[in-house]
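Hi everyone, thanks for making time.

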Amino acid sequence: MNITEILAPDMILPDIRANSKNGVLEELAAPICAKYRQIKLNELVEVLVQRERLGSTAIGDGIAIPHGKIGGIPRIVGVFGRSLKGVDFESLDGKPTHLFFLLVAPEESTSLHLKALARVSRLLKSATFREQLMKATDSAELYRLLKEEDARY
Amino acid sequence: MNTPQLSSLPFLAAICSLLLLASVALSGTSRRVGVPVILPFLGLGLLASSTSLGVVLRQSYHVSFVLGTLSLVLILFDGGLNTPLSMARSFALPSIVLATVGVLGTTALFALCARLFGFSWPQAFLLGAVVSPTDAAVVFPVLRGSGIQPQKRVASILELESCLNDPVAASLTPAFTLSLAGEAPLAAQSFAHMALSLGVGGVFGLGLGWLGRVMAPRIRPAAGGLYPLMTLGFALLAFGLPELVGGSGFLAVYLAGLIMGNSEMPYRAGILRVHDSLAWLGQVVMYLVLGLLITPSHLLKVAPQGIALGILLSAFARPGSVMLCLLPFRYPLRELVYLAVVGLRGALPIILATYPLLWHVEDARLIFDTVFFVVLVNTFVPGSMVLWLTRQLGIESDEPPPPPALLEVVSTRVLTGAKIISFSLEASAAACGAPISELPFPPDSAVILLIRDNEVIAPKGATVLAPGDHVYVLCKPADQPFIQLLLGRPEA
């Protein structure tokens, strides 16, 4: 699985404005609902919030990978978001979260969903790569960086 | 002393055995009924108080004092061992404020009430100091038995506070007792002395805890069963040494436990289990002793004012003090109410109340009997309300309940590498519905055990994970965040 299969160039938010966990989830979910009209924003956010209740998806090092399954989406869709000032996402290491990769999967695709989670978490593992992402100027550069880093594996 | 039956060891053993067995047996019933587990112990002590065991204890309060002190040492050391350092750090400030200013506040407000009931000011303040410490160990078994837990913040503050206020109340009580006995005037001096004693206790506790932490892996006992004796040795040292030089041994023993409990000790699981039992023994002994010290015929006289004062403590003194202390922290009102109500009296007031008896203070007996009722009311009332209150105030935690089975590696060596974590699987976790073979686990991780309902299952690649499953995973600490991303939050 390649990251380009999940992430489209128009699914990148270089400058997340929200200051709260729920606000970030809404901002990340919005592009999906704009593209797939059958998905209601409040329903998708509720799915994501349900998952966050099991423990934050902010796994440390400034990364969060919120995720969930919802009916009506044709395939796994990712949204990448960056918050320059950082958000309190109740991360496991207690530090603010800057880089977000939202993954939304169809109800039945359990194993692909798991593979995508593994892929994304490995993609964001390198500290130097994360620094590059923080320095990128616009969404085109972010997309290029993600694609290049993904191609290395 | 003419108590020939008691000099016979078999008789003493028989009485103690009966009390112990009955306490353990009754604890199950009391948990089902939702009454604090320790209350039956008190009842048993009361029943046995007319036996020669009670007579002897009442003839020499010193024995009770020693038993109680040792019990508290065991309880506080165990409390320290089981306090995660992260929790101590996060909630240190509110807990310390409650344990210091809060104790003084409760003491003063309660003294006000006691004065209204005809106690002299010095007596009233002494009473206040005696009943000011709280005990979380009394309340949490009630909640655990019913499968609900209070939210992390209130639970942590209650637990930390209850360990930290014991040393404070224990330093305050002698100061008030001595002033009442006419030995020393109560002045700013005695408060300075109290601060000094806590400071010295703190330094000794941290130092000896550190020493224990460094020494534990180096002392190589011949058998696993000797490890808990080593930690017990450190606990007694941490109490005794600072006491010799006027420091607070109670604070020291708690801090030493805290530092040793948060280190990689060999035979750790075994050590924790033994200290857990010793702490229970401490609770049983303290409440039995309280019951045994009571002369039932004296009680009736004190009952009305004792019960009234008990109610005033739980409805006025404790809430007032908690509210004032925590106002600057801006916690939601429902949390403040919860903290105020669930500040239960534990076993410590019992030992502290023997202090005036030991010093032959005037009306010491009256003070002791009053304390009995205050403790009784403040264990029974909040204890039977806590379940209802937790639900009513919305303090219920949505954290997973403790796992149905504990899987741990017990070894006399410090083992490194992987550790075992358990998860209670919920539908919204990504791994739910997947066969184990499709979990993209890191190379050094594996699902090693599955508990479905009450059945232990050997996990195979084809086993599909279902909601409600308890999944036990072996993984490297560095991989834990990723495992949690797939499975959710680990069980406590």
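**Two helix pairs in chain B**

Let's start with a crossing: helices α3(B) and α14(B) cross in a right-handed way. Keep in mind that what you're looking at is a predicted model. So where are these two helices? α3 covers residues 39-48 of chain B and α14 covers residues 268-293, and their axes come within 7 Å, crossing at roughly 40 degrees.

Which residues touch? On the α3(B) side you've got F41(B), L42(B), L44(B), G45(B), L46(B) and A48(B), and they meet a set in α14(B) that includes Y287(B), L288(B) and G291(B). Sorted by class, this contact has 10 nonpolar residues, three polar ones and no charged ones.

Now the second pair. Helix α4 of chain B, residues 52-59, packs with helix α5, residues 61-81, with the axes 4 Å apart and an angle of about 95 degrees. That falls between 65 and 115 degrees, so α4(B) and α5(B) count as roughly perpendicular. Here L57(B), R58(B) and Q59(B) from α4(B) meet Y61(B), V63(B) and S64(B) from α5(B). That contact splits into three nonpolar, two polar and one charged residue.

Zooming out, chain B has domain 1, at 9-392, and domain 2, at 419-487. Their C-alpha centres lie 40 Å apart.

And the confidence? Chain B averages a pLDDT of 86, with 92% of residues scoring at least 70. The model's ipTM is 0.95 and its pTM is 0.81.

Note on methods: Residues are numbered from 1 along each chain as its sequence is written. Chains are lettered from A and ligands numbered from 1 in the order in which they are written. This is a predicted model: local features need pLDDT of at least 70, side-chain atom pairs count only at pLDDT 80 or more; totals for chains, interfaces and linings use all residues. Side-chain values use heavy atoms; hydrogens and water are left out. Domain bounds come from an automatic or database domain assignment. Axes are lines fitted to C-alpha atoms, for helices over the stretch in contact, and angles run from 0 to 180 degrees between N-to-C directions. A crossing is left-handed if the near helix is turned anticlockwise from the far one by less than a right angle, and right-handed if clockwise. Contact means heavy atoms within 4.5 Å. Ala, Val, Leu, Ile, Met, Phe, Trp, Tyr, Cys and Pro count as nonpolar, Asp, Glu, Lys and Arg as charged, and the others, Gly among them, as polar. pLDDT is the predictor's confidence in each residue, from 0 to 100. Angles under 35 degrees count as roughly parallel, over 145 as roughly antiparallel, 65 to 115 as roughly perpendicular and the rest as oblique.
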